[in-house]
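Please open the model in a viewer and keep the selection tool at hand.

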Amino acid sequence: MSAAPQLSKSRDLPLRTKLLICFLAVTVVGGVLTIVAGSFVITDMVIGEAQRRVEVGLKTARSTLQQRADEAERTASILADWAARQPDLYANGVASEYLEKLRERCGLDLLHIVDADGTVTATARGNARGLNILGDAVVGAAIREGRASWAFTTMSARQLSAEPGGLDELREALVVQAAAPIIRPPGRIVGAVRAAVLLTRNYELVDYIRDNVFTMSTYDHKNLGTVTIFLRDVRI
């Protein structure tokens, strides 16, 4: 009578062991799958957040540059409208002191008035007077087509040498510039106004973009982000 229960108990042990092994296997496999799936989700979230921040940063940088370009074009257009009402604009010229005050107030690096041939007749500062810049894309569009426009362009060493501030040391520079035609009734184009912001060595601009992109975040008294402007493969 006593041998039957023991035989039944010995037969139950393999079944319990199998159930235990199955339970452990399901637990381990489930845990591994959870970890793998979680790592993929976290990785996607981190990469997605990084991409989002990059996109926001690029939009902020583009917006800042667009704002500078719009300001340059607006200044050129306003000055061109004023110049169109001056009957002796090229006879007596425009006072460089007036142009210099306007340049400083608008945060420009270059401010020129050119005649219909593309020759600089007045400038805020520097020795660009007498320089012909008709070959410049935005100036050419203003004089030939009678439209205001802006563009990112390079400035040659010849033009740089006519401007102050050690620019003659550069072989070329990147600028965002605008030009607006000077139009007199009944629609005669007599010249143009050129306004430009130098991007090369413009540390104030890149610092402004960096502070807006990275919200002035620092670690150990150092900025967490860096903004750099390149002209082709050269950091400027």
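The stops below cover a surface patch, the aromatic pairs and a sheet.

This is a predicted model, in which local features need pLDDT of at least 70 and side-chain atom pairs count only at pLDDT 80 or more, while totals for chains, interfaces and linings use all residues. Residues are numbered from 1 along each chain as its sequence is written, and side-chain values use heavy atoms, with hydrogens and water left out.

**Surface patch**

Select Val28, Val32, Val36 and Phe40, which make a nonpolar surface patch of about 370 Å². Patches consist of residues with over 30% relative accessible area and no salt bridge, with like charges joined within 9 Å and nonpolar side chains (Val, Leu, Ile, Met, Phe, Trp, Tyr) within 5 Å. A salt bridge is a side-chain nitrogen of Lys or Arg within 4 Å of a carboxyl oxygen of Asp or Glu. Accessible areas come from the Shrake-Rupley method with a 1.4 Å probe, and for residues only the protein chains shown count as cover.

Now select Val32 alone. Val32 belongs to helix H1 (residues 3-84); helices (H or I, at least four residues) and strands (E, at least two) are DSSP runs numbered from the N terminus. With a relative accessible area of 44%, Val32 is partly exposed (buried means under 20%, exposed over 50%, partly exposed in between).

**Aromatic pairs**

Rings of Phe, Tyr and Trp (its six-membered ring) pair if their centres lie within 6.5 Å; planes under 30 degrees apart count as stacked, over 60 as edge-to-face and the rest as tilted. The count by this rule is two aromatic pairs. Select Trp82 and Tyr98, a tilted pair at 5.5 Å centre to centre with 35° between the planes. This pair links distant parts of the chain, as Trp82 is in helix H1 and Tyr98 in helix H3 (residues 96-106), 16 residues apart. Trp82 is partly exposed at 26% relative accessible area, and Tyr98 is partly exposed at 38%.

Next, select Trp150 and Phe152. Their ring centres are 5.4 Å apart and their planes stand at 90°, so the pair is edge-to-face. Trp150 is partly exposed at 28%, as is Phe152 at 42%.

**Sheet**

Display the five strands of the open, antiparallel sheet, in the order E2-E1-E5-E4-E3. Strands pair if DSSP finds at least two bridges between them. Which strands stand at the edges? Strand E2 (120-123) and strand E3 (149-156) do, each with a single partner strand, so one side of each is left without a neighbour in the sheet.

Finally, select strand E1 (residues 110-115) and strand E5 (residues 188-198), which pair in the antiparallel sense over six bridges. His112 has Arg194 in E5 as its bridge partner.

Conventions: Buried means under 20% relative accessible area, exposed over 50%, partly exposed in between (1.4 Å probe, protein chains only).
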